[in-house]
Amino acid sequence: MAPPSAKQRSGSNKKAQLGLFAGYLAAGLGATLGALLLALSLWRPDTFNGLRSMASDAAAPVGEVGAAGRVNTRSFFESIAGYYDAGSKNAELEREIEIARVRLVEAEALAQENERLRAILGLTEADTRPVAVARLIGSSASSARRFAYLSVGRDDGVERGMPVTSPMGLVGRVLEAGSDTSRVLLLTDTDSVVPVRRATDNVVAFAEGRADGSLRIRLINLGINPLEPGDIFVTSGAGGLFHPGVAVAMVSEVTDDGAIGQLLSNPAATDVVVVQPIWQGEILEAIEEPLETGDPVD
Amino acid sequence: MERLSDTARRDAYGSKINRHHSPVLAYGMPWVSIILASLTPLLPIIAPAPILPPFGYMLLLGWRLSRPGLLPMWAGLPLGLIDDLYSGQPFGSGILLFSLTMIALELLDARIPWRNFWQDWLTACLLLLIYLVVAALVSGAQITLGHLYLLLPQILLSMILYPVVARFVALLDRLRLTRIRRIG
């Protein structure tokens, strides 16, 4: 039971009344300031990025320990489970097959891409080296936005706009880089748009985040919807940000203008991710167009 | 509650001999616990959809409802600011919502000073509902009213977990007044 404290009942005491009034005034000013800052950060989403990366840099060690703990705990339980039944081993093999299946489709897509390029231009592409290998140390799990925090930052060469991938496929892209941590816009955020194509042919589409863990695949050429459940979409490379041929989503439900896709690389099941360089960074720089956070780059 | 004599050697917070309440602990405990709870986004939980309750806000509610007057009315500004730095919400939404909550609870205290836990829980449920819906609407994500069913699991989880948080606050509250041995 909440006891009414004497402080809060001002009565006819002038000093107490004044104190209470000052309290309301201070809280009201705080709320006003909050509203102003909110309006400012909705209008210019980048305004407070520096402050935020400083804060997450400061708290990063906590996250690192947590991420290491997550991996260790899981392997601990996995080894216990291994004694009890072969089911866990089976599950692991199934996971490997899943990865292999995705890899196979990716390879097919790559082969096709190569063939096409070679046929048209006779060009070969140099291998790309990853910028950094890192852990996802946290995510905005209680907010409607879908961000994740990464354990590497500017000091490791990470820059804004770089794609983040896992062995299963694309995870997202770097939204802002602090010195030791960076914030990643996950594919499922409603602001995330990735140009994709079907792995088997050239049906091009946009994959947009739906905030509930799935993606909305919007076909660019409307007409008869050729999609079927089970189709796998890979990045098309349009826009120059993402390398072509990285797995993104599998169609689970066909809609009028495209499909609903399930994310292939679920960030929750990902321990280690790789930060890739921007595919055609020089060209993008040459165009000198700022990479807006929300807009599709196409 | 049975009252102990003023001259008793012990009370509920430990021996009284050469031991006193620490002002740092007594006043700092709510602040530190709310700030630590605001750091939950750094827990290694990578959620595909909003699912985790807003622990910072829930602890603020817990402290404010169980110990009115311990947090000053302007506490929403600094605590909301720290919550904003980690929550992934646009900067300012926490400041605004935390401050408004402090004002709302002050008004509630003036109208209904004597409440039992069920009424506190009801208050917290109502405030959590408003907080989560408003926070989602101002989050900058393209969420319309039709998308709000996405928040349902999070809202229900927060409401159900409030008594646990309140119990935790009660534990911290007992810790807050522990008597500390004076050095020297």
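Is Ile51(B) buried, exposed or partly exposed? I looked this up before anything else. Ile51(B) is partly exposed, because 15 other C-beta atoms lie within 10 Å. The cut-offs I used are these: a residue is buried with 20 or more other C-beta atoms within 10 Å of its own, exposed with 12 or fewer, and partly exposed in between, the C-beta atoms being placed from the backbone.

**Ground rules.** I am working on a predicted model, in which local features need pLDDT of at least 70, side-chain atom pairs count only at pLDDT 80 or more, and totals for chains, interfaces and linings use all residues. Residues are numbered from 1 along each chain as its sequence is written, and chains are lettered from A and ligands numbered from 1 in the order in which they are written.

**Entry: Ile51(B), continued.** I placed Ile51(B) in the loop between α1 (23–38) and α2 of chain B. Helices here are DSSP runs of H or I with at least four residues, strands are runs of E with at least two, and both are numbered from the N terminus. I then listed the contacts of Ile51(B), leaving out residues up to four places away in sequence: Ala141(A), Pro153(B) and Gln154(B). A contact means that the C-beta atoms of two residues, placed from the backbone, lie within 7 Å. I also checked Ile112(B), which is 61 residues from Ile51(B) along the chain; their C-alpha atoms are separated by 32 Å.

**Entry: chain B overall.** I counted 6 helices and 4 strands in chain B. From the N terminus on, their order is β-β-β-α-α-α-α-α-α-β. The C-alpha atoms of chain B fill a box of roughly 65 × 35 × 25 Å along the principal axes. Of the 184 residues in chain B, 42% are buried. Among contacts in chain B between residues at least 6 apart in sequence, I found that 70% join residues at least 24 apart.

**Entry: helix α5(B).** Helix α5 of chain B covers residues 117–137, 21 residues in total. From first C-alpha to last, α5(B) reaches 30 Å, close to the 30 Å expected at 1.5 Å a residue; the expected span is 1.5 Å times one less than the number of residues. Which residues of α5(B) are buried? I noted Asp120(B), Ala124(B), Leu127(B), Leu128(B), Tyr131(B), Leu132(B), Ala135(B) and Ala136(B). They lie on the same side of α5(B), because they cover an arc of only 150 degrees around the axis, the arc being that of the directions from the helix axis to the C-beta atoms. An α-helix has 3.6 residues a turn, so residues three or four places apart point the same way. The face of α5(B) turned away from the buried side carries the exposed residues Trp118(B) and Leu126(B). What covers the buried residues includes α2 (55–66), α4 (93–111) and α6 (152–176) of chain B.

**Entry: the contact between the chains.** I found 56 residues from chain A and 56 residues from chain B in the contact. On the side of chain A that touches chain B, the elements giving two or more residues are α1 (14–43), α2 (49–84), β1 (132–139) and β2 (147–150) of chain A. The largest share, 15 residues, comes from α1(A).

**Entry: a barrel in chain A.** I traced a closed barrel of 6 strands in chain A, in the order β6-β7-β8-β11-β10-β9, with antiparallel pairing. Strands count as paired if DSSP finds at least two bridges between them. Strand β7 (residues 204–209) of chain A and β8(A) run antiparallel and are joined by 5 bridges; Ala207(A) has Ile217(A) as its bridge partner in β8(A). Strand β8 (residues 214–219) is in turn joined by 5 bridges to strand β11 (residues 258–263) of chain A, again antiparallel. There, Arg216(A) is partnered by Ile260(A). Strand β10 (residues 247–255) of chain A pairs with β11(A) in the antiparallel sense over 6 bridges, and a hairpin joins β10(A) to β11(A) through 2 residues.

**Entry: Leu219(A).** I located Leu219(A) in strand β8 of chain A. Leu219(A) is partly exposed, because 19 other C-beta atoms lie within 10 Å. Leaving aside neighbours within four places in sequence, Leu219(A) is in contact with Val203(A), Ala205(A), Asn225(A), Asp257(A) and Gly258(A). I also checked Val196(A), which is 23 residues from Leu219(A) in sequence and 9.4 Å away in space, C-alpha to C-alpha.
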